[in-house]
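Please look over the sequence and the model below before reading on. The explanation that follows is meant to be read with both in view.

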Amino acid sequence: MTDKDPMTATAQTRPIAEEDRLRADLYNFLGLLLSGPPDDMLLDQTAGLSGDAGEMGQAIGTLAKLAKVTRPKTAATEYNKLFIGLGRGELLPYASYYLTGFLNEKPLALLRQDMTRLGLERADTVFEPEDNIASLMEMMGAIIVGRFGPPAPLDRQRQFFNKHIGPWAGHFFADLEAAKNSVFYAPVGTVGRLFMEIEAEAFRLGGSE
């Protein structure tokens, strides 16, 4: 994991279906963009993305175009206005806040219980609550590919998503898409919102293993 990753885990080498690896990559990409302002390298990588003519592809294309003309300093200013601000940012990207209206509530406690069962813990250098959107995106990606144990079967992926991500992440991404301070992060919100819709529908149709 990179220095910006908020979780520590034990890597596992297991065969992963290409579709699942791509899903995990998108979760990790969203987590990286939301964990802090993008640097030159991440902006360059994002600028190299391309998409098809579908709604998701268009959102990725818009994000790539913005990445080409966005400087790290500009992205940092936008990130701070959205998520930090003077006292607080425009958005509070935490499950507890979206689900209860308050920080550090029951959704965080339930997440910590599941993290313990999964053998996952917050890195010593990270101090914000674990139910922030960036950490949850990374956790979901890790569950899919098995960074802290065997790759999770569909049922376990569905359980984690439906419990900790599905009830609120789509609302957060829609808010990010429409936030008054969102420019570079507006298509990040679009990509996230569409991805959450795709995942929710796939889990609904996937049946049980």
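The model shown here is predicted.

How do H1 and H7 lie relative to each other? Helix H1 covers residues 18–35 and helix H7 covers residues 133–145; their axes come within 8 Å and cross at roughly 160°. Angles over 145 degrees count as roughly antiparallel, and H1 and H7 are therefore roughly antiparallel to each other. Their crossing is left-handed. On the H1 side, the contact is made by Asp20, Arg23, Ala24, Tyr27, Asn28, Leu30, Gly31, Leu34 and Ser35. On the H7 side, the contributing residues are Ile133, Ala134, Met137, Glu138, Met140, Gly141, Ile144 and Val145. By class, the residues of this contact comprise ten nonpolar, four polar and three charged.

Helix H1 also meets helix H10, which spans residues 185–205. The axes of H1 and H10 come within 11 Å and cross at roughly 145°, and this crossing is left-handed. Here H1 contributes Arg23, Leu26, Tyr27, Leu30, Leu33 and Leu34. From H10 come Tyr185, Val188, Val191, Gly192, Phe195, Met196, Glu199 and Phe203. The contact of H1 with H10 has eleven nonpolar, one polar and two charged residues.

Helix H10 packs against helix H3 (residues 55–69) as well, at an angle of about 155° and with the axes 8 Å apart. H3 and H10 are therefore roughly antiparallel to each other, and they cross in a left-handed sense. In this contact, Glu55, Met56, Ala59, Ile60, Thr62, Leu63 and Leu66 of H3 meet Pro187, Val188, Thr190, Val191, Arg193, Leu194, Phe195 and Ile198 of H10. These residues divide into eleven nonpolar, two polar and two charged.

Attention now turns to the nonpolar core. Which residues of the largest nonpolar core touch the most other members? The core has 55 residues, and the two in question are Phe173 and Leu176. Helix H7 supplies the largest share of this core, ten residues. If residues up to four places away in sequence are not counted, Phe173 touches Leu30, Leu34, Ile133, Met137, Val188, Gly189, Gly192, Arg193 and Met196. Among these partners of Phe173, Leu30 and Leu34 also belong to the H1 side of the contact with H7, while Ile133 and Met137 belong to the H7 side.

Is Gly146 buried or exposed? Gly146 counts as buried because its relative accessibility is 2%. Its C-alpha atom is separated by 14 Å from that of Phe160, 14 residues apart along the chain. Within H8, the buried residues are Gln157, Arg158, Phe160, Phe161, His164 and Ile165. They pack against H1, H5 (95–100), H6 (106–118), H7, H9 (169–178) and H10. One of them, Gln157, counts as buried because its relative accessibility is 4%. Apart from its neighbours within four places in sequence, Gln157 is in contact with Arg23, Met140, Ile143, Ile144, Ala152 and Phe203.

Leu99 is located in helix H5 and counts as partly exposed because its relative accessibility is 39%. Leaving aside neighbours within four places in sequence, Leu99 is in contact with Pro107, Pro167 and Trp168. Leu99 and Leu86 are 13 residues apart in sequence, and their C-alpha atoms are 24 Å apart in space.

The loop between H5 and H6 holds Asn104. As a general rule, most residues other than glycine have a negative phi. Asn104 is not a glycine, yet it has a positive phi of about 60°. Glu105 lies in the loop between H5 and H6 too, and it counts as partly exposed because its relative accessibility is 36%. Not counting residues up to four places away in sequence, Glu105 touches Ser96 and Thr100. The C-alpha atoms of Glu105 and Asp131 are separated by 9.9 Å, although the two residues are 26 apart along the chain.

Note on methods: Residues are numbered from 1 along each chain as its sequence is written. This is a predicted model: local features need pLDDT of at least 70, side-chain atom pairs count only at pLDDT 80 or more; totals for chains, interfaces and linings use all residues. Side-chain values use heavy atoms; hydrogens and water are left out. Axes are lines fitted to C-alpha atoms, for helices over the stretch in contact, and angles run from 0 to 180 degrees between N-to-C directions. Helices (H or I, at least four residues) and strands (E, at least two) are DSSP runs, numbered from the N terminus. Angles under 35 degrees count as roughly parallel, over 145 as roughly antiparallel, 65 to 115 as roughly perpendicular and the rest as oblique. A crossing is left-handed if the near helix is turned anticlockwise from the far one by less than a right angle, and right-handed if clockwise. Contact means heavy atoms within 4.5 Å. Ala, Val, Leu, Ile, Met, Phe, Trp, Tyr, Cys and Pro count as nonpolar, Asp, Glu, Lys and Arg as charged, and the others, Gly among them, as polar. A nonpolar core is a set of buried Ala, Val, Leu, Ile, Met, Phe, Trp, Tyr and Cys residues joined through side-chain atoms within 4.5 Å. Buried means under 20% relative accessible area, exposed over 50%, partly exposed in between (1.4 Å probe, protein chains only).
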